[in-house]
Every structure is written in C-alpha cells, then in structure tokens.
Amino acid sequence: MIKVSLADHVTLFQGDALSVLTTLPAESVDAVLTDPPYSSGGVTLGARQAPPAQKYQQSATRRHYPPMLGDAKDQRSWTMWCTLWLSECWRIAREGAPLMVFTDWRQLPALTDAVQGAGWSWRGIVAWDKRSARPQLGRFRQQCEYVIFASRGRFAAPSRACLPGVYAYPVNPASKVHLTSKPVALITDLLAVTAADATVLDPFMGGGSVGEACLATGRGYIGCELSPEYFEISRERLKKFLTERG
Ligand SMILES: C[S@@+](CC[C@H](N)C(=O)[O-])C[C@H]1O[C@@H](n2cnc3c(N)ncnc32)[C@H](O)[C@@H]1O
C-alpha cells in the first residue's frame, strides 16, 4: 500500500480498497462518494468476464485506456464484496453522513441490498441521464446510470435546497482519462448534499473525477485506487489542479 499526501486535506492511497479502508479511523469522514467496478455488462459470468473495454465501449468509439481492475466478479461474490467495503465505509463515516454510489441498471438491486446490509439507511436513487446510449432494436435504450443515496443513521442535510432527482450530462470522450470517467460537473452537483468543508472518501478513485470535484469546491478528499496506472493518472491530475489553483 502506498500513501501520498498532496495537501493537508488531500490524501491518496494506492492499494486494495478493503485493506486501505481498515487503516482509516472510525467516524473520520463527512461523506462517501464513489464509483466501484460494476462487474456488469452481461447476465452470464462469461459475458461479465469479457475485458471492460469490450463490455463498456461501442466499437466505433473504442479508445485505449489502462485496464480497469476488479470488474469480473460473479453476482454473488460482487454483492458480498460490496457489503464488505460498504461496511468499512459505514464505520469510517460520521453519524448523519451521506453515501453516494454509482451503479447501472443490472446491479442496482444487488447494490441497494449491499448498502442496507452494510448498515446504511437507503434514502433513494438519483438518475444520471447520459443523453446517449447504444440503440436497442424494439427496446428501450439504457440511457441512465444511477447513484444510490443513503446515510449513516439520520441524514444530516447541510442545507434546505431542493435538489433534482435526474442530472443530464453527456460523456465527453475528449476529457475522459478512464474507461468509465464520470463528468466532473455531475460529481460537483452531487456534492450539494455535503457541507462546503466536508472531507469526502472515495475508495475507487479511477481517473480522479471525484477528487477534482472535491478540490474545485474546496472540500477534502481521500481517494484509493488499486491500479498503479490509474493511481498515477489521478495523482498527477490532482497535483496539477492544486498547483494551478495555487
Ligand atoms: C468505475 S472506476 C472509477 C472511475 C472514476 N469514477 C472516474 O471518473 O475516473 C472503478 C475503479 O476502481 C478500481 N478498483 C477495482 N478494484 C479495486 C479495489 N479492490 N480497490 C481499489 N480500487 C479498485 C478500478 O481499477 C477502477 O479504476
């Protein structure tokens, strides 16, 4: 495990999320916002074990990204694994902290079970409308991904703002640094349920979108990534961001 502190309020870990999380103190973060590997992309184990670039990219737009790790679990082991890391996040979160976890339509039921099994109080889902998706002959496009919203105990809302339940942001291929990069603007909107000085935990940092949104809004950030390549990409991205912002 490697630990790097980019600033007082920004700490990054390279290592397995479960090992890293066990080192963090109880009730030490104000929110958890993360985007784990979905282990999705098919209903059979064979389909799930295809390379993520094949599962999640249309052939016409395929670009090369470093491999995304941990995306080939079967349904039962994925659900159990999610329960384990979500339980650790629950321990590390302060009472009243919000949890936001990305998922897709296939994994939504399993992940809401894992969230509740880990002790979180499930409070709803937010839809991310990606504005485009592969056309499906005679069927509906899967145009949305979802963010499960939960809290540790009674949710301590930081404001009385009435927030939308759907956010529409297209994926901009030019700004993607990860196969499944999430738009920074979307993450920034989601941070509305956290206090302006919150420290946010993200056990699956990927290319660093959650980190960039936290830094851009003055929040603290603790990120973890298993892949050394993505860890470096995120570290460089956040370091550059901090340097340019002074
Ligand atoms: C869906 S991606 C996150 C993408 C990120 N939100 C972004 O916008 O760039 C999930 C990340 O979790 C990482 N990962 C997979 N298994 C992990 C584990 N056990 N511990 C930590 N990171 C892991 C993958 O390498 C991948 O980069």
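Two strands are taken as paired if DSSP finds at least two bridges between them, strands being DSSP runs (E, at least two residues) and helices likewise (H or I, at least four), numbered from the N terminus. The model examined here is predicted: local features need pLDDT of at least 70 and side-chain atom pairs count only at pLDDT 80 or more, while totals for chains, interfaces and linings use all residues. Residues are numbered from 1 along each chain as its sequence is written, and side-chain values use heavy atoms, leaving out hydrogens and water.

Strand E3 (residues 31–34) runs parallel to strand E4 (residues 98–103), with 3 bridges joining them; Leu-33 has Met-100 as its bridge partner in E4. E3 also runs parallel to strand E8 (residues 199–202), to which 2 bridges join it, and here Ala-31 is partnered by Val-200. In a regular strand the side chains alternate between the two faces of the sheet. In E3 both faces are covered, with Ala-31 and Leu-33 buried on one side and Val-32 and Thr-34 on the other (buried: under 20% relative accessible area, 1.4 Å probe, protein chains only).

Turning to the helices, the axes of H7 (residues 209–216) and H8 (residues 228–245) come within 10 Å and cross at roughly 15 degrees, which makes H7 roughly parallel to H8 (angles under 35 degrees). Ser-209, Gly-211, Glu-212, Leu-215 and Ala-216 of H7 meet Arg-237, Leu-238, Phe-241, Leu-242 and Arg-245 of H8, contact meaning heavy atoms within 4.5 Å. By class, this contact has 5 nonpolar, 2 polar and 3 charged residues.

Technical notes: Buried means under 20% relative accessible area, exposed over 50%, partly exposed in between (1.4 Å probe, protein chains only). Axes are lines fitted to C-alpha atoms, for helices over the stretch in contact, and angles run from 0 to 180 degrees between N-to-C directions. Angles under 35 degrees count as roughly parallel, over 145 as roughly antiparallel, 65 to 115 as roughly perpendicular and the rest as oblique. Ala, Val, Leu, Ile, Met, Phe, Trp, Tyr, Cys and Pro count as nonpolar, Asp, Glu, Lys and Arg as charged, and the others, Gly among them, as polar.
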